[in-house]
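I opened the notebook to go through this structure one item at a time. Entries follow in the order I looked things up.

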Amino acid sequence: MKLGMATREAYGRTLVALGRENPNVVVLDADLAKSTMTKMFADEFPERFFDSGVAEQNMVGMAAGLASCGKIVFASSFAVFLPGRCFDQLRMSVAYSGTNVKLAATHAGITVGEDGASHQAIEDVALIRSLPGIKIIVPADELAAAWATRVAASNDGPFYLRLGRPKSPLIYAGEERFALGKAIELRDGGDATIIANGRMVAEALAAADVCASDGIAVRVLDLHTVEPIDREAIVKAAVETGAIVVAEEHLLNGGTGSAVSQVVVEEYPVPIEFVAIRQCHGQSGDPDGLLRAYGLTAEHIVSAVQKAIARKR
Amino acid sequence: MSLPYVGQPGTPTEQLTDGADNPQNGTKPGLDSLPASTADLKRIALELRRQIVIMIGKAGSGHPGGSLSAVEIVTSLLFAVMRHDPANPKWPGRDRLVLSKGHAAPVLYAALATAGYFPKDWLNSLRKIGSPLQGHPYARSTPGVEISTGSLGQGLSVAVGMALAGRLDRADYRVYAVVGDGESDEGQIWEAAMAAGHYRLDNLVGILDYNGLQIDGPNREVMNVEPLADKWRSFGWHVQEVDGHDFAQLLSALATAADVKGQPSMIVARTTKGKGVSFMENVVDFHGKAPTAEQVELALRELIDV
Ligand SMILES: [Mg+2]
């Protein structure tokens, strides 16, 4: 699969475009502007860029204050610090207050790689999911990330964008119509459904190809929006394919798999298998090696599909 | 249960680029009849104290000590200094008040009701299910509350953001933040202090309700915050120290703060926790304990004369 730019880079570029279109767009960072790519915005709009220094809690408060005065505020840091370092600030000043703050967290997931566990946010979706009122988007590639940035800017209220460090495999060709809260069906199939987001969408497509060569027709859904979740697409997958695999670059507890399970269990119970990081911490290593070591590859998805199908009643 | 979601924050306003014809600027008087004398302010302060005691008594829980210590601070701001319009709480040109020590919500509610932001009978519903007056300030249900607070240390950061927005819009409103001394244990206060100093936010004024007590005891025993004034100075703030129950001193300090250029202002206001009710003054337990019906009666008997 061809590599495109990192989702964080698509975010940074889209911010610049938004800055040109709308003088109300303001960007904050916590001393990571070169890494989160907000520097592109800072260079063109220094007046509308505020660095909090290494102080994520204060950054979130400043973001809420700017938003309460009518600004469309993007606040960026690494996903380990945002939400990890400022959860209570997100809870009070953003979620509870309903301020128009867009949290764009980069370097999410295990594919941060060599920096190791301290910098690998594998619990961030669970943390944000626990806060009512924040919409969550986990884009799979550069086009999805650019769309996510725009949709966050144009919809009032808090958003969490989960962005990655490495270059992302290209999933989309530019003709797709993304819609908030609507999963995208990338492959149709009737034997099972793989629901994935972020980096795992590429693995899901590769897994579907392997299954197809074995005569198993697998549906693939890109569940880019985790909140609000696309109940309709999930129930349809349960009803029509009878078995589901959820693949995410995140801990098993509290992430996309949990979100999907809640819908399936409430609406139409079918077997679900999870491709996620079991309860453990990350470690240093190259991103692809880590994906293999932590069970997050197409191969792992294929065996999860087989297990899910075997469990069908 | 549905709370009235009035005054939702985050509603985009028009982009403003020029100071001269900027609708966020101007001298629109909030209250047509700002009290002319400290006698008027004292009368309002007395009334707020009575309301605080009554509403917390009715609620059966709440924080009387830190509400009573901040009465003159909040009265000075809302009834003498701030430019605001109770009939139009979201007027873009308003001065902003952030109660960073959110547990003192009763003093803010009493002042907002007295100023006319909402009917006084709302005060009777404090802390009850479905009430627009939550135990701690909730911006989406209470007109005049700018941001939800109650988890200490966060309001000052929000005030910094508001001040940055004002500067960006070339608006001439001011942002006032009331901070607690116990709250000053929070690291985020000093993150915000550093940022306000760094950005030289001369449209930001902090008032520190320095009553010397926090939940577990006196500041100096629980966690020494001294030297407080020096700390703020070292973070680049203009600092004044006043008696926080003396209107003349408060008003003079607030006027000076308004003239400070190139740096944020902190007014360290020495106060007495539980001020005005003899059996609450300097009593640690009345930080977060409601008076009994009998104690309410006793308190009201003391709160009769200016
Ligand atoms: Mg205190």
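**Cis prolines and a positive phi**

I began with B:Pro227, which sits in the loop between helix 7 (219-222) and helix 8 (228-234) of chain B. Helices (H or I, at least four residues) and strands (E, at least two) are DSSP runs, numbered from the N terminus. A cis peptide bond joins B:Glu226 to B:Pro227, with omega about -5 degrees.

Chain A has a cis bond too: A:Glu227 to A:Pro228, omega about 0 degrees. I found A:Pro228 in the loop between strand 10 (225-227) and helix 9 (231-241) of chain A.

Next I checked phi. A:His107 is not a glycine, yet its phi is positive, about 60 degrees. A:His107 belongs to the loop between strand 4 (101-106) and helix 6 (124-129) of chain A. I noted these because most residues other than glycine have a negative phi, and most peptide bonds are trans.

**Ground rules**

The model is predicted: local features need pLDDT of at least 70, side-chain atom pairs count only at pLDDT 80 or more, and totals for chains, interfaces and linings use all residues. Residues are numbered from 1 along each chain as its sequence is written, chains are lettered from A and ligands numbered from 1 in the order in which they are written, and side-chain values use heavy atoms, with hydrogens and water left out.

**Interface of chains A and B**

I counted contacts (heavy atoms within 4.5 Å). In contact are 32 residues of chain B and 32 residues of chain A. The buried area between the two chains is about 2,700 Å², and carbon and sulfur atoms give 54% of that. Buried area here is the accessible area (1.4 Å probe) that two parts lose on being put together, summed over both.

I then looked for salt bridges (a side-chain nitrogen of Lys or Arg within 4 Å of a carboxyl oxygen of Asp or Glu). Two link chain B and chain A. A:Lys71 forms a salt bridge with B:Asp169, the closest N and O atoms being 2.6 Å apart.

Which elements of chain B supply at least two residues each to the side that touches chain A? I found helix 5 (155-168) and helix 6 (187-198). Helix 5 of chain B gives the largest share, eight residues.

**Salt bridges overall**

Searching the whole structure gave 28 salt bridges over all chains. In one of them, the side chains of A:Arg20 and A:Glu44 meet at 2.7 Å, N to O. A:Arg20 lies in helix 1 (residues 7-21) and A:Glu44 in helix 3 (residues 39-44) of chain A, so this pair ties together parts 24 residues apart in sequence.
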